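Please study the sequence and the structure, then work through each solution in order.

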Amino acid sequence: MAQALSEYHAALAAGLAAAPPFRLQRPAVALLLGTKVTDAEIDAVLEAVSHQRELLAKPEALPVSARLELLRSELSQRGLAAFLVPHDDEFMLEYTPAYAGRLEWLTNFNGSAGMSVVLSEKALFVSDGRYKVKAAKLIDPSLFEVLISDRVTDTAVQWLVSNIKPGDRVGYDPQLINLNRLQIYQTAVTAAGGELVACSENLVDLVWENQPARPISMVTGSLYEVAGHRWFEKVRDVAESLKENKLGAAVITDPASVAWLFNIRGNDVACTPLPLSRAIVYDSGRSVLFVDPRNVTIMLHMHLDGGRIEDLEQFPRYLEALGESKRHVLLDPGTSNSAVFAVLEKSGATVELGDDPCALPRARKTEYELKCTRAAHIRDGAAICRMLAWFDREAGKGTLTEMDVVRRLIEERLKDKNYYSESFTTIVASGPNSRDIHYFPTEESDRAIGLGDCVLMDTGAQYLDGTTDSTRVKVVGFASGEIRRNYTLVLKGNIALASQRFPVGCSGARLDTVARMPLWNAGLNFDHGTGHGVGVFLSVHEGPQRIGYKLGDCPLDEGMILSDEPGSYDFGDHGIRLENLLVVGKASDIEGGMRKMHSFEVLTMIPFDCTLIDERLLSKQEIVWLNGYHAMVRRNIEPLLEGADRDWLIEATQPIALRGSSEAVD
């Protein structure tokens, strides 16, 4: 019979259950429980965690209509005409912890971006173009007006002000909206004669009966060889920057920046090894790390070796102290929630709005980080090649489903001792599902893969030495001419960006059209950015670097990692996306040129499917690039494969012959 749990151990079990399930191991639980824990206590906690996870896995029994009515009842009691329900949590994370899944609980939408506005008689749901198909599947149009826009906040604001009247009070949770967005809402609501009201409690939390607990996971130090610099060296650099700019402190609210700064990792968020955390760095060089004390073990104290660690709940008190000492404080308005700004301003601090001081240094990878992530990409490439070889052997039998591919991929990656988790939920989308840009299969939605299906596989992994993200497309059996044409046009865009040279100071926005041009010239386009930044055993979607024609103002610099992922989804039976990760190289001279130019290095080591290429659409230069890329893939991956998998790779990387020549060109 299981041992009865104390109140503390029960809370610990609930927090462990709310954290991502990967790598919950007995020694880690023992460390979190403390030095005097017994085997019986460990067993009881693990059993409770298992039970809690079973409960959390059950779908919400309450229909969406009833959830809406519960929320509307809270609005009525507080005299509010509307309430804002963003996807964001208080840390402004893309992938939120389970307790912060308020938008999903309210609407059933499980994507990584979106917004709802709830009024007494109507409600809005809005997301961006990546989720056009998913939103149509998941959102009940009889309950929500569904809008798709690349400018989610602006669209939500326009809808809101057109549906309120003068004197209406619009409620929001100040911890879930950053300062930039708050100012947009404030201006618009005020202009409409309404009042924007900061609520001290989140109204969704009040009606969400089975809301998960705050996650608990052990915070650990990352390897120096992966980080490239020791944590106190990074803190020193931030402090020096503060002194140069006559600032007294920097408040760092992005957990990815905190993890990078202190060389720590955690498991509070699915797919991203982050501890939910904050930090303050002072111009004196002193720093404070704020985390849940339940996540702190002797190992973290040893890693920081004298660095100050405080309870996350003490963070507001430290903000007040900055104001009381009349400090000039640096705060990023894009990554900080508006409640942080309000505390600083109210307590008397002079708030200087500016970029997170860790963002650019984090984006510019050190040579140590690049060495590590190159190795991770080679090993991940081998795992994916084993999966693709298996897929080509098995798919034609008609017995595979999308989830079979997901499971096989995890199985192959688990052979690597450095594998930690997925870097996002794996997308295996077959047939019409491949047109849904962010579709991912579940046991309920799992689809059988049939003859003629186009299968899009977008997958990434977290390794202890790197973060990967790649997309490849396969077709089971014969590929139509339309599929081969679209595949080749997307490939041309991918090659164009990867081979582009560009001047120092060039932003990603200026490069976006390079990848789109082959598609534009054929009357096609895609409704997502061309590239996002990527970390090293950190966020798979990292800023400030990105490639997009609407976003991407940050100049691309040496060491930045970005994705290269054009796509085509305009046809009814298939979608295509091809993705490699690139790293920006050092600007160098071009023969005959007058200015130094950056170039890209391809990190991803996975062959493209040459059977889907219409070679007539490729130029000589594109064929030369593709053959060179495949030669590099074979050189790096072949030593890691055996037998039929090795034979598959050799065949998949055979060079393409130039037209008019009997010989292939490497």
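A cavity is a set of grid points where a 1.4 Å probe fits but cannot get out. The model used here is predicted.

**Exercise 1.** State which domains the assignment gives for the protein chain.

*Solution.* The assignment places residues 1-57 in domain 1 and residues 64-207 in domain 2. Domain 3 then covers 220-358, and domain 4 covers 367-648.

**Exercise 2.** Describe the interface of domain 2 and domain 4.

*Solution.* Step one concerns position: 34 Å separates the C-alpha centres of domain 2 and domain 4. To the contact, domain 2 contributes 10 residues and domain 4 contributes 15 residues.
Step two concerns area: about 1000 Å² is buried between these two domains, and carbon and sulfur atoms give 48% of this area.

**Exercise 3.** Identify the salt bridge between the side chains of Lys137 and its partner, and test its distance against the cut-off.

*Solution.* The partner of Lys137 is Asp436, with 3.8 Å from N to O. The pair counts as a salt bridge because the rule requires a distance within 4 Å. Across the interface of domain 2 and domain 4, one salt bridge is found. The side of domain 2 that touches domain 4 has three nonpolar, two polar and five charged residues.

**Exercise 4.** Determine how many cavities of 30 Å³ or more are counted, and what lines the largest cavity.

*Solution.* The count is four. The largest cavity has a volume of about 70 Å³. It is lined by 15 residues, and those closest to its centre are Trp260, Arg265, Glu369, Val536 and Leu538.

Notes:
Residues are numbered from 1 along each chain as its sequence is written. This is a predicted model: local features need pLDDT of at least 70, side-chain atom pairs count only at pLDDT 80 or more; totals for chains, interfaces and linings use all residues. Side-chain values use heavy atoms; hydrogens and water are left out. Domain bounds come from an automatic or database domain assignment. Contact means heavy atoms within 4.5 Å. Buried area is the accessible area (1.4 Å probe) that two parts lose on being put together, summed over both. Ala, Val, Leu, Ile, Met, Phe, Trp, Tyr, Cys and Pro count as nonpolar, Asp, Glu, Lys and Arg as charged, and the others, Gly among them, as polar. On a 1 Å grid over the protein atoms alone, a cavity is a set of points where a 1.4 Å probe fits but cannot get out, and a pocket is an open set with protein on both sides within 12 Å along at least five of seven lines; lining residues have an atom within 4 Å of a point. Grid points are joined across faces, edges and corners, and a volume is the space filled by probe spheres set on the points.
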